[in-house]
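Biologist: Could you walk me through this model, starting with the terms I need?

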Amino acid sequence: MRDRWPIIVAVISAILLIALAALWEYFRVEDVTVTGNTRYTDEEIEDMAMTGILGHNSLYLYLKYRNKSITDIPFIERMDVAIDSPTAVTINVYEKAVAGYVKYLGRYMYFDRDGIVVEASMEMIPGIPYVTGLYFDECVLYEPLPVQNEDIFATILALTQLFDKYEMRPDRIYFDDSMNVTLYFKDARAVLGSMENIDEKMMKLKSVINSITGLSGELHLENYSVDKDEGYVTFEKDK
C-alpha cells in the first residue's frame, strides 16, 4: 500500500491541476464593461483592477473586490465586480466626491463636499475647481481643511453643481473675507458677490461669457436678478 501512495498523490495532483486549468479557462474574462468612472479611462480602470496572475479570472475578481475599499488609487473610493457571465464582467467604479482643490506645499490637495482632504497629488486634474481665498495653517490628508467658516464647502458644492448645469469651467473660484464669490476665466473675472440669486447670476453669466472671453477686466453681477434691468450688469476693462 505504501508503494501506491506516490501514485495516488500524483493522480490526485493531476486531477486538481486539470480541474484548476478547466476552472481557469471557464472563468477567463474576455469582455469587460466599466461604469461610474470619470477620472480615468475604461482601459486605465481595467489595468488597475485586473492585475496579477489571476487578474483575468472573473471569479477571482468578484471575490477580490467584494466589500473592499480602495486605498492605492487616487480619487477612487471603491470598486466592485459583477459577473455577467463566466467570461464577462462589469467593473463598477465609485469615485470620491471631490468639490475642489487648494495648493499646499507644492501639492494639489483635493477635498470633498465636507471639506475633508481626500487626495494629495502632484498633478492637477481638469474639471475640478481651484479654490483661493481660504486661510489655513496646515492641510492634512483625510482630515478637514481647518478653515474658519465651514459653510464655505456647501457653497463650493453648490457652485460646482451650477458649473455642470450651465456647462462652464472657471479657472479659479475666489472667496473674500465676507464669502463673496469671484470666478476667474483667464484674465476676465465674473464678480458674483453673495450667493443670493446665484442661479440667475450663473444663467446670465452663461449668456454673456463668450463676449468677455479673451478680455481682461471684471464683469459685475453682484446686484443682478431677473427682476432688474440690464444696467445691473457691467464690464469694466482693466487699465
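Modeller: Buried means under 20% relative accessible area, exposed means over 50%, and partly exposed is in between, using a 1.4 Å probe and protein chains only. This is a predicted model, where local features need pLDDT of at least 70, side-chain atom pairs count only at pLDDT 80 or more, and totals for chains, interfaces and linings use all residues. Residues are numbered from 1 along each chain as its sequence is written, and side-chain values use heavy atoms, with hydrogens and water left out.

Biologist: How many helices and strands are in the chain?

Modeller: Helices (H or I, at least four residues) and strands (E, at least two) are DSSP runs, numbered from the N terminus. On that basis, the chain has five helices and 12 strands.

Biologist: Is Arg189 buried or exposed?

Modeller: Arg189 has a relative accessible area of 14%. That value is under 20%, so Arg189 counts as buried.

Biologist: Which residues are joined into one network with Arg189 by salt bridges that share partners?

Modeller: A salt bridge is a side-chain nitrogen of Lys or Arg within 4 Å of a carboxyl oxygen of Asp or Glu. The side chains of Arg189 and Asp238 meet that way, at 2.8 Å from N to O. This pair links distant parts of the chain, with Arg189 in strand E10 and Asp238 in the segment after strand E12 (234-237), 49 residues apart. Salt bridges with shared partners bring Arg189 into one network with Glu218 and Asp238.

Biologist: How far apart in sequence are the parts that Lys96 and Glu119 tie together?

Modeller: Lys96 and Glu119 form a salt bridge at 3.5 Å, N to O. Lys96 sits in the loop between strand E3 (88-95) and E4, whereas Glu119 is in strand E6, so the pair ties together parts whose separation in sequence is 23 residues.

Biologist: Lys201 is buried yet has no salt bridge, so which side chain of opposite charge is nearest?

Modeller: Lys201 lies in helix H5 (residues 198-212). A polar atom of its side chain lies 3.0 Å from the backbone oxygen of Ser194; a polar contact is a pair of N or O atoms within 3.5 Å, where within protein one must be able to donate a hydrogen and the other to accept it, and residues adjacent in sequence count only if both atoms are side-chain atoms. For charge, Lys and Arg count as positive and Asp and Glu as negative, while His and the chain ends are not counted. The nearest side chain of opposite charge to Lys201, 6.2 Å away, is Glu196.

Biologist: Leaving aside neighbours within four places in sequence, which residues are in contact with Leu205?

Modeller: Contact means heavy atoms within 4.5 Å. With those neighbours left aside, Leu205 is in contact with Met168, Leu183, Phe185, Ala190, Leu219 and Leu221.
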